[in-house]
Every structure is written in structure tokens, then in C-alpha cells.
Amino acid sequence: MCKINAVKNSRRLHNIFAVLISIFILAGCSVQTVTAAETRGLTVVAKDRITNQSAEVKLYNKSYAVIIGIDRYPNLPQDRQLSYAVRDAQGIEQVLKRQYKFDRIITLYD
């Protein structure tokens, strides 16, 4: 019984990390929580070595999140199915909607 719980917990952690990694990749690794008009996109400050001048460089101006949660796989036996991937993905979706400014959040469940 203990081994089964460890496997389920391991799968759950794997799913959470997969969702988070996907979100950070798609969001450009940074999303601001202040007003969208002021912080749309990700910028960096670049310094010209010759002139020694700095300038802000915009890397992107839209942010999207794709959240995927799959519990049931048709080609896996019942004992290998997941239990929390959809619920975890829905939790991530709620956090992103409440705390971050995405232009669009796309969800795919089961």
C-alpha cells in the first residue's frame, strides 16, 4: 500500500512540475501583476559597450498560458491512471486568473 501511494504522489508531483514548466515557457518566464497597460510583455535593459548607453528592449508583448491536465489515458490499465492532474491543472488556472495578467489562458482537460 505504501508503494502505491508513493507512486501516486510521484505522478502528481510530475504533473504539477510539467504544468508549471509549460506555463513558464509560454509566459516568457515572467509575468507582472501590476496593470496590464504598464507591464505588457517582458523587457530587458541592454547596454551598448561602445557608447555605454542603456536601452530597454521589449522581448514580447502578449502572454499566453496553456494548461493541460489529463487523468485518464485510454491505453493505460486502470491502476496506472492518474487521480489529480485535472484538479491540479484547474488550481493552476485559478491562480493564473487571480494573480497574473495573461492575454489568454487555454485549458485542456482529459
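Here are a few notes on the backbone and packing of this predicted model.

1. First, some ground rules. Residues are numbered from 1 along each chain as its sequence is written, and side-chain values use heavy atoms, with hydrogens and water left out. Because this is a predicted model, local features need pLDDT of at least 70 and side-chain atom pairs count only at pLDDT 80 or more, while totals for chains, interfaces and linings use all residues.

2. Start with the hairpin: strand 1 and strand 2 form it with six residues between them. Strands here are DSSP runs of E with at least two residues, helices are runs of H or I with at least four, and both are numbered from the N terminus. The two strands pair in the antiparallel sense over six bridges; to count as a pair, DSSP must find at least two bridges between them.

3. Now look at N52, in the loop between strand 1 (42-47) and strand 2 (54-60). Its phi is positive, about 65 degrees, although N52 is not a glycine. Most residues other than glycine have a negative phi.

4. D110 is another one to check: its phi is near 35 degrees, again positive in a residue other than glycine. You'll find D110 in the segment after strand 4 (104-109). Is D110 buried or exposed? D110 counts as exposed because its relative accessibility is 55% (exposed is over 50%, buried under 20%, partly exposed in between, with a 1.4 Å probe and protein chains only).

5. Finally, I92 sits in helix 3 (residues 85-99) and is buried, at 18% relative accessible area. The C-alpha atoms of I92 and I67 are 7.8 Å apart, with the two residues 25 apart along the chain.
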